[in-house]
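Here is a quick briefing to read with the model open beside you.

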Amino acid sequence: MNIFRAVPRAGFDPARLHTRHPGTRLPANVPYLVDNLWEFTRPASMPSRRKSVYASPSASLALDGAAGVGRAQDGFVACRVVCRYPPTCFQLSVTDARYHPDVKALQKVVHARLADLGPAGLQDKLALAPLFVPGMTPDELHAAMEGNAALRDLVQELAALVTLWTGTPDPDAGELFFEIDENNVYSLHPVG
């Protein structure tokens, strides 16, 4: 499978070898709530979006994704990704995670629960706050659920609704993400 990525033209170095991202990436295109639930439900065999490189199955889709709304594509260079060895990779059913059906479905359930809490006190509302904390790890969420029945029940309900890891990928247009381990590197080769 060919994997493509578009990167800013300014400062692009085709000789650079890219290594594993050293920290945790927070999402720019999905709410923290959804990111936390995706990480909470992520099978151990799948790459973590928080440590992944995002890519596309075609150079044109990579340019579309990198440029986003209102930015010119000519400021980016589309490249084929070449890894030292095949990384753990996952492909979505949509061109960008922001369009995944989980985003709206999970938010809809949470909004309904929060509406039910409208007349409740601050403590009842704060019980659900861990779902919205940026970059919650599964261990942190499990710890927050201990002794917090409202959070535990909601997380269990939401986790059962997550379809990201079980959906059918779109091989022609689905966003890809892959995780580079400590011994792997990738390079970017301009196309077109």
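Is Arg98 buried, partly exposed or exposed? With a relative accessible area of 41%, Arg98 is partly exposed; buried means under 20% relative accessible area, exposed over 50%, and partly exposed in between, using a 1.4 Å probe and protein chains only.

Keep in mind that this is a predicted model, where local features need pLDDT of at least 70 and side-chain atom pairs count only at pLDDT 80 or more, while totals for chains, interfaces and linings use all residues. Residues are numbered from 1 along each chain as its sequence is written, and side-chain values use heavy atoms, with hydrogens and water left out.

**Helix 2**

- Helix 2 covers residues 59–67, and its buried residues are Ala62, Leu63, Ala66 and Ala67.
- Look down the axis of helix 2 and these buried residues fall within an arc of 120 degrees, so they line one face of the helix; the arc is taken from the directions from the helix axis to the C-beta atoms.
- Those buried residues pack against strand 1 (4–8) and strand 3 (76–83), with contact meaning heavy atoms within 4.5 Å.
- Helices (H or I, at least four residues) and strands (E, at least two) are DSSP runs, numbered from the N terminus.

**The largest pocket**

- The largest pocket holds about 860 Å³ of space. A pocket here is an open set of points on a 1 Å grid over the protein atoms alone, where a 1.4 Å probe fits, with protein on both sides within 12 Å along at least five of seven lines. Its volume is the space filled by probe spheres set on the points, which are joined across faces, edges and corners.
- Its lining has 29 residues, and Tyr54, Gly65, Ala66, Asp96 and Glu175 lie nearest the centre; lining residues have an atom within 4 Å of a point.
- Helix 2 gives the most to this lining, with five residues, and strand 1 and strand 2 (52–55) each supply at least two.
- By class, the lining of the largest pocket splits into 14 nonpolar, five polar and ten charged residues. Ala, Val, Leu, Ile, Met, Phe, Trp, Tyr, Cys and Pro count as nonpolar, Asp, Glu, Lys and Arg as charged, and the others, Gly among them, as polar.

**The second largest pocket**

- The second largest pocket has a volume of about 300 Å³ and is lined by 19 residues, with Arg5, Arg16, His18, Tyr186 and Leu188 nearest its centre.
- Strand 1, strand 2 and strand 6 (186–190) each give two or more residues to this lining, and strand 1 has the largest share, at three residues.

**Salt bridges**

- There are seven salt bridges in the structure, each a side-chain nitrogen of Lys or Arg within 4 Å of a carboxyl oxygen of Asp or Glu.
- Glu182 pairs with Arg20, with the closest N and O atoms 3.4 Å apart. This pair links distant parts of the chain, 162 residues apart.
- Glu182 is exposed at 67% relative accessibility, whereas Arg20 is partly exposed at 22%.
- Arg20, Glu179 and Glu182 are linked in a salt-bridge network.
- Asp96 meets Arg98 in a salt bridge at 3.2 Å, N to O, and Asp96 counts as buried at 11% relative accessibility.
- Glu39 forms a salt bridge with Arg42 at 3.1 Å between the closest N and O atoms; Glu39 is buried at 10% and Arg42 partly exposed at 25%.
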